[in-house]
Amino acid sequence: MTVQTTNRADLLNRARKGNRAVKNTTAHLPDLTSAVSGVAELADQLPDLDDVREIPEDDRSPLDETELRQRAVTESVIHAALAAGDAAIWVIGKALTVAAKGKFHRDQGKTFDEYARAETGKSPAHARRWMDGAPLALAVAAATSSTPPEGHVRPLRKIEKEIGTRPAIELYRSADKASGEGGRKVTGAVLVEIREALPAELPEDAEEAVAVVQEAARRVMTKAPAPADSSPNGEKTEGGDEDQEQSGEAAEVSTPPPVRVSALVPASVAATLDEWAGYLSLGHRVPLDSSAVLAVAVELAVSNGGPSLQLLSERIEAQHAEHISRGVDRFEWRPSPRSKSVRTAERRLKGHPATKRWAPRCTGPAESDSAPPCDELVIWKVDDEKRGTSFYCDNHLPAEDTPPGIWRD
C-alpha cells in the first residue's frame with residue numbers, strides 16, 4: 001500500500017508556477033486571535049490603576065519619581081498603540097490592492113466596492129484612499145521606522161506626484177527628525193509648507209535633490225509658527241488685543257448666532273457625509289444631516305490649525321485644471337455663462353527662457369513685437385477663438401484671461 005504525504009507546507013513548496021516556487025503564504029496564515037492579543041498586551045504594560053494616586057482636579061504640584069515613571073510608560077503605550085493603528089491602515093490598503101488585482105470577490109456576486117465595504121466596514125472612497133496611500137506610507141515606514149497617519153499621507157501623496165518618491169520620503173524623514181529634535185510638530189499643513197519652500201525644479205542629481213529637500217525641511221521645521229491671533233493667510237492682526245482690552249471686550253465676547261451654509265460637493269463626498277450623519281445620528285440619538293457633519297468637520301479643522309488659504313486654493317485649482325504633461329496644466333472655460341466661445345489656457349511651470357513659441361509678450365497678443373520679453377518663472381498661453389493666441393507672464397495675466405480656480409490676491 002502506498003502512503004501519500006499530505007503535509008500542506010511540503011506540497012506548497014513543491015508547487016511551481018513557471019520556474020518559480022509558489023510563495024508559501026497559506027501555510028502561515030495570520031492568526032486573528034494572536035493579532036488582537038498582541039495589541040491588547042499593550043494594555044497589560046500600563047501601570048496598575050490601583051497603584052496610581054488619584055489627584056484632585058485643581059492640583060498643580062510636580063510629579064514625583066513614581067509618577068514620572070508611570071507617565072513615561074503610559075505615554076509609550078499610547079504611542080505604540082497609535083503606531084500599530086497607523087501601520088494597520090496601510091497594510092489593509094495594500095491587501096485591498098492585492099484583492100482588487102486578483103478579483104477575489106468575483107465568485108461572491110459583489111462589486112469590488114461592495115467587497116471592500118464588507119471586509120473593512122469602511123466606505124469605498126475611504127478604502128481606495130488607503131489603497132492609494134499604502135505604497136508611499138509603507139515606504140516611509142521602512143525608511144523612517146515611523147508610520148505616517150492618514151492626515152500626513154494625503155498631502156505627502158500629492159507632493160510625491162510633484163517631486164518624486166525618494167524626495168517625498170526624504171521630506172517626511174527630515175520633518176519627522178526635526179520634530180523629534182524639538183522642532184515644530186509634523187502636520188499635513190507643515191508638509192505642504194515644506195513643499196512650497198522648495199524650488200520650482202529640484203536638481204536632477206538624486207543626492208543634490210535630497211540635500212535641497214533636507215535644507216528646506218530644516219528651515220521650515222525650525223521656524224516659529226504663526227501666532228494664534230494671525231489672520232487665515234498668516235498676517236498678524238495689529239492692535240487686536242489692545243483694542244479688546246481697552247474696550248473691555250476681552251473678558252466677555254459675545255458669540256454670534258450660527259449661520260447655515262450650503263455647498264455643492266461631489267456625489268462621493270455627499271454619500272460619505274450622509275453615511276457619517278447616519279452613524280452619528282444613531283449613536284447620539286439626535287437628528288443630523290450632511291450639512292451638520294460638514295460644519296463640524298470645518299470647525300474641527302479650524303480649531304486644530306487647518307490648511308492654509310494657499311492649500312485650499314490649490315485644491316480648488318485642481319478641480320478646474322487638467323495636467324497634460326510635466327510642468328504644464330490646461331484650463332478650459334467660457335468667458336460668461338451665455339458665451340458660445342470657449343477659451344483655453346496653458347500654464348507652463350518649467351520657467352524661462354522658454355522655446356520661441358512660448359516666449360511671452362506681456363502687453364498684447366503674440367504677434368505684438370513691441371512688448372518686451374518676459375523673464376518670469378511661470379508663463380501662460382491663452383487661446384481665444386476671436387483674438388487668437390496670447391502669451392503672458394504670470395504677473396501680467398489679465399483678469400479676463402485668468403481661468404476659473406486660479407487664485408489672485
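Accessible areas come from the Shrake-Rupley method with a 1.4 Å probe, and for residues only the protein chains shown count as cover.

The model is predicted: local features need pLDDT of at least 70, side-chain atom pairs count only at pLDDT 80 or more, and totals for chains, interfaces and linings use all residues.

The pLDDT is the predictor's confidence in each residue, from 0 to 100. Its mean over the protein chain is 75. Of the residues, 71% reach 70 or more. The pLDDT is below 50 over residues 228-253. Beyond near neighbours in sequence, this stretch has 12 contacts in the model (contact means heavy atoms within 4.5 Å). Residues 363-367 also have a pLDDT below 50. Here the model shows 11 contacts beyond near neighbours in sequence.

The protein chain has 13 helices and seven strands. Both are DSSP runs, numbered from the N terminus: helices are H or I with at least four residues, strands are E with at least two. Of the 409 residues in the protein chain, 27% are buried. Buried means under 20% relative accessible area, exposed means over 50%, and partly exposed lies in between (1.4 Å probe, protein chains only). Among contacts with a separation of 6 or more, 48% join residues 24 or more positions apart.

Helix α4 spans residues 112-120. Which of its residues are buried? Phe112, Tyr115 and Ala116 are buried in α4. They cover an arc of only 100 degrees around the axis, which puts them on the same side of α4. The arc is that of the directions from the helix axis to the C-beta atoms. The cover over the buried residues of α4 includes α3 (65-102) and α5 (124-144).

Two positive phi values occur around this helix. Lys103 lies in the loop between α3 and α4. Its phi is near 45 degrees, a positive value in a residue other than glycine. Most residues other than glycine have a negative phi. Lys103 is partly exposed, with a relative accessible area of 47%.

Helix α6 covers residues 150-163 and contains Leu156. Is Leu156 buried or exposed? Leu156 is buried, at a relative accessible area of 0%. Leaving aside residues up to four places away in sequence, Leu156 touches Leu136, Val140, Ala168, Leu171, Tyr172 and Leu191. Leu156 and Ala137 are 19 residues apart in sequence. Their C-alpha atoms are 9.0 Å apart in space.

A search of the whole structure finds 18 salt bridges. A salt bridge is a side-chain nitrogen of Lys or Arg within 4 Å of a carboxyl oxygen of Asp or Glu. One of them joins the side chains of Arg157 and Glu160 (2.9 Å, N to O). Both residues lie in helix α6, three residues apart, about one turn of the helix. An α-helix has 3.6 residues a turn, so residues three or four places apart point the same way. Glu160 counts as buried, at 14% relative accessibility.

Arg166 and Glu207 also meet in a salt bridge through their side chains (3.1 Å, N to O). This pair links distant parts of the chain. Arg166 is in helix α7 (residues 165-180) and Glu207 in helix α9 (residues 206-222), 41 residues apart. Arg166 is partly exposed, at 43% relative accessibility.

Another salt bridge joins Arg347 and Asp329, with the closest N and O atoms 2.8 Å apart. Arg347 lies in strand β5 (residues 343-348) and Asp329 in strand β4 (residues 328-333), so the pair ties together parts that are 18 residues apart in sequence. Arg347 is buried, with a relative accessible area of 11%. Asp329 is buried, also with 11%. Elsewhere, Arg53, Asp64 and Glu67 are linked in a network of salt bridges.

The surface carries a nonpolar patch formed by Trp276, Tyr279, Leu280, Val286 and Leu288. Together they have about 460 Å² of accessible area. Patches are made of residues with over 30% relative accessible area and no salt bridge; like charges are joined within 9 Å, nonpolar side chains (Val, Leu, Ile, Met, Phe, Trp, Tyr) within 5 Å. Leu288 lies in the loop between α11 (267-284) and α12 (290-303). Leu288 is partly exposed, with a relative accessible area of 34%.

Definitions and conventions: Residues numbered from 1 in each chain as written. Heavy atoms only, no water.
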